[in-house]
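Please find below a note on the model under review.

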Amino acid sequence: MAEHEHTTGIEALANEQRTFPPTEQFKASTLVAGTQLYEEAAQNDEAFWARQASELVHWDTEWHTTLDWQLPYAKWFDGGTLNVSYNCLDRHVLAGNGDKVAFHWEGEPGDKRTITYQDLLDEVSQFANVLKGLGVEKGDRVMIYMPMIPEAAVAMLACARIGAPHSVVFGGFSSQSLADRIDDAEAKIIITADGGYRRGEVFALKPAADEACEKTSSIEHVVVVKRGGNDVEWADGRDHWYHELMDGVSTDCPAEPMEAEHLLFLLYTSGTTGKPKGIMHTTGGYLTHVTYTHKYVFDLQPENDVFWCTADVGWITGHSYIVYGPLSNGCTQVMYEGVPNHPGNDRLWEIVDEYGVTIFYTAPTAIRTFMKWGADEPDKHDLSSLRLLGTVGEPINPEAWMWYHDVIGKGNCPIVDTWWQTETGGIMISPLPGATTTKPGSATFPLPGVSAELVDDEANVVPVGGGYLTLTRPWPGMLRGIWRDPERYQETYWSRFPDRYFAGDGAKLDDDGYLWLLGRVDDVMNVSGHRISTTEVESALVSHPSVAEAAVVGATDATTGQAVFAYVILRGGADADEQTLRNHVAGEIGAIAKPKRVFITPDLPKTRSGKIMRRLLRDVAEGRNIGDTTTLADASIVDELQSKAAASADD
Ligand code: PRX
């Protein structure tokens, strides 16, 4: 066996050669242009994190132990106390920045609000007093089920102020999902809204909150923000209007110092099977991690930057890079309520120009959608305020990266492809934009302070080629467990490889030491004994000029074990036939990866957070009936794919 062949055999097929060093112009004002942070962290990662914690975060009491690591349980900054809402609000106001804009908020119908740090501090303090008045105490769990309105951030920060862990449930989830999470967390209160705006219409939230209350027994109060203006049912004594509760309440609510390991929030994430896991994040380590990564990955210049993360607060990205990281750094942000195509396909670009957004952070699935809509949409706008672009959530195909770079960034903006997870709390693998030469499609290197290695099936370290991505050292933002399920915590993350956190992702290391994420290992295909990553075949398809988006799955095949099935969305106005696309993949990465079938489709089944549901595509490809589609963003697309598959079986 050659030196770098390993028994995972996730084959590393694609070979992207383009490189993008930081421009001189970018380097001139960047926070980090060299390797000093990497060197410092490599010397002693604990000391490195301790320095970040003391420089970036305000502590009421110093910690005595930086890290107490009893695998798989970490305690960071033990003995220290701090308040997250003080760090996000009070300290900026006390420093004289009360008039600085925290949020430029825009509703989907076009209504706008400008919220300063002083405004936010006052409203959070009032609402914290309201929560106390409703009997919420330190340690009580609070559900938040809201549209993308400023009150969502207010609710989270008010909980943090009084030490009541929140659990935000994305507004697109059903009453059953909400009820399951309420039960698991034994939450006392729900904060919701009558409804919010989406695609030009009001979608109701309150009825789902009502149903969830009926299905569960722990909720004592429901606080309702008036946003949609839709009619709602009312349970007297249980339900309260937010604006009525807030009326006349004092803005004085001193932030109470919390222990560093006090539970800040639970965020439920679905596993591949079974009930959702309540991922636990605590106070001091999490705040240190998100403040540090928000500052250095986005090269933040808080005086001038206008930061826009397009995620929803219902996901970890919204927690870490809309609420906690950016506010802790005292920066100005844009927050937008609605969809990117209302009223037109250029809504986001209109907003970028309106507020002079300098840093834009979105998901590859959104970028591929913009590609499908065509460059004409962003080209209607100036976009010259942008100086840095970011992506998160999935591997980004090199061609989507290039499109983002050329069409949105006009060739002038570095791109930070940030790999992380709900469980990691904050960004783990990413370029530092002033220091790292990027390659389209690679998340590049672990950040200073983060240690990652690839291993094969026998846990041997893989120096070059494909393997399983593992983390070898604890980090401050790491999950502290799964709520009330320590066994599942151990089993899910710490049992596959000894002494390593296994993230569930495959990756490869190229000859220059760059990391390329290859997707979830559950998605790896096995064709004639070769393990091929769906990501690489998808990227090969997207590199064809007619293709905007592709999803690839392995379906059972009598001859080859699995065969590659591809589903492809074409770019606006483009044309291509199946044979051409099959040959294109063979030409790009080799005949072994040539799809057996390529289906052209107008859309793909995605979860509400935009991840492609490969399980469903596999069911379609293997001719199975589709089971539960309730977590799908648009269930009708599956019917369409099924009828295509049936028609092609008749061919
Ligand atoms: O598979 C990886 C993918 O998203 C997973 C984590 O999903 P979630 O917990 O929902 O958090 C998403 C936002 C942090 C990872 O296991 N993923 C995330 N970012 C990237 C990525 N895959 C490749 N490249 C990325 N930049």
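The points below take up the basis of the model, the ligand site, a helix, the aromatic pairs, a strand residue and some backbone features.

1. Basis. This is a predicted model, in which local features need pLDDT of at least 70 and side-chain atom pairs count only at pLDDT 80 or more, while totals for chains, interfaces and linings use all residues. Residues are numbered from 1 along each chain as its sequence is written, and side-chain values use heavy atoms, with hydrogens and water left out.

2. Ligand shell. The ligand is surrounded by 16 residues (a residue is near a molecule if one of its heavy atoms lies within 4 Å of it). Asp417, Thr418, Thr422, Asp505 and Arg520 are the closest. By class, the shell comprises six nonpolar, five polar and five charged residues. At least two residues of the shell come from each of helix 11 (316-328), strand 21 (415-418) and strand 25 (515-520); helices (H or I, at least four residues) and strands (E, at least two) are DSSP runs, numbered from the N terminus.

3. An N or O atom in the Thr422 side chain is 2.6 Å from an oxygen atom of the ligand. On the backbone side, a polar atom of Gly393 is 3.0 Å from a ligand nitrogen, and a backbone N or O atom of Pro395 is 3.3 Å from a nitrogen atom of the ligand. The protein buries 89% of the 540 Å² that the ligand exposes when taken alone (Shrake-Rupley method, 1.4 Å probe).

4. Helix 13. Eight of the 10 residues of this helix are buried, so helix 13 is largely enclosed by the rest of the structure; buried means under 20% relative accessible area, exposed over 50% and partly exposed in between, with a 1.4 Å probe and protein chains only. The buried residues of helix 13 pack against several elements, including helix 12 (347-355), helix 15 (398-408) and strand 28 (547-557). Gly374 follows helix 13 and has a positive phi, near 95°.

5. Aromatic pairs. The structure holds 40 such pairs (centres of Phe, Tyr or six-membered Trp rings within 6.5 Å; planes under 30 degrees apart are stacked, over 60 edge-to-face and the rest tilted). The pair Phe370 and Trp373 is tilted because the ring planes stand at 45°, with centres 6.1 Å apart. Both residues lie in helix 13, three residues apart, about one turn of the helix. Phe370 is buried at 4% relative accessibility, whereas Trp373 is partly exposed at 23%. Elsewhere, ring pairs join Trp69, Tyr73, Trp475, Tyr489, Tyr493, Trp494 and Tyr501 into a cluster.

6. Thr66. Is this residue buried or exposed? Thr66 is buried, with a relative accessible area of 17%, and belongs to strand 2 (residues 65-70). Its side chain makes a polar contact with the side chain of Trp63 at 3.3 Å. Beyond neighbours within four places in sequence, Thr66 is in contact (heavy atoms within 4.5 Å) with Glu46, Ala50, Lys75, Trp76 and Phe77.

7. Backbone features. The peptide bond from Leu71 to Pro72 is cis, with omega near 5°, and Pro72 lies in the loop between strand 2 and strand 3 (73-78). The bond from His342 to Pro343 is also cis, with omega near -5°. Ala459 is partly exposed at 24% relative accessible area, while Asp499 is exposed at 56%.

Terms used. Polar contact = N/O pair within 3.5 Å; in protein donor to acceptor, adjacent residues only side chain to side chain. Nonpolar A, V, L, I, M, F, W, Y, C, P; charged D, E, K, R; others polar.
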